[in-house]
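This report concerns the structure shown below. Please keep the sequence and the model in view while reading.

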Amino acid sequence: QLRLVESGGGLVQPGGSLRLSCAFSGFGLDYYSIGWFRQVPGKAYEGVSCISRTGEYTHYADSVKGRFTISRDVAKNMIYLQMNELRPEDTAVYYCAAEWSANDYCGFSGMDHWGNGTQVTVSS
C-alpha cells in the first residue's frame, strides 16, 4: 500500500528556513510525480510545488517561486521541500501527494495519494 508521511514542520521566524521531508513507501516512487500543497483552516488547498518523475520538470506557485525548492531522491524514497525566506503567510499545514504518471510532467491536479500533513508556523 502506498503511503506518504511528511515531517520537518515546526516554528520558524520570518526570514528563516525550513526543510520538509516526505517519505514514500510503496512500489515505484519513480512512477509518480509528487506535489506539495498547503492549507490554512477554512481555506482551500493551495498547490505549492510539484516535481515530475525524473525531476527534470518542476513547478512553483507564484507565491513561493524563488523562495522554495522541491527535490527528490528516488534511491532514498524521499521528497523534499526547502523553504527559504519564510513569511507569516506561509503558515499552514503542508501535505505531500503523489500521482501515478506515464510522462515526465507534473501538475497540481489529479493527485491520488496524500499524506496527513505537517504544521509550519512562521511567527516572531
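The model is predicted: local features need pLDDT of at least 70, side-chain atom pairs count only at pLDDT 80 or more, and totals for chains, interfaces and linings use all residues. Residues are numbered from 1 along each chain as its sequence is written, and side-chain values use heavy atoms, with hydrogens and water left out.

An open antiparallel sheet is built from four strands in the order β1-β3-β8-β7. Strands (E, at least two residues) are DSSP runs numbered from the N terminus, and two of them pair if DSSP finds at least two bridges between them. Because β1 and β7 stand at the edges with a single partner strand each, one side of each is left without a neighbour in the sheet. Within the sheet, β3 and β8 are joined antiparallel over six bridges; Arg19 has Gln82 of β8 as its bridge partner.

The largest nonpolar core has 28 residues. Such a core is a set of buried Ala, Val, Leu, Ile, Met, Phe, Trp, Tyr and Cys residues joined through side-chain atoms within 4.5 Å; buried means under 20% relative accessible area (1.4 Å probe, protein chains only). Leu20 and Trp36 are among the residues with the most contacts inside this core.

Asp90 lies in the loop between β8 and β9 and is buried, with a relative accessible area of 1%. The table lists contacts (heavy atoms within 4.5 Å), leaving aside neighbours within four places in sequence.

| Residue | Contacts include |
|---|---|
| Leu20 | Trp36, Ile79, Leu81, Met83, Tyr94 |
| Asp90 | Arg38, Arg67, Phe68, Glu85, Val120 |

How values were computed. Buried < 20%, exposed > 50% of the residue type's maximum accessible area, 1.4 Å probe, protein only.
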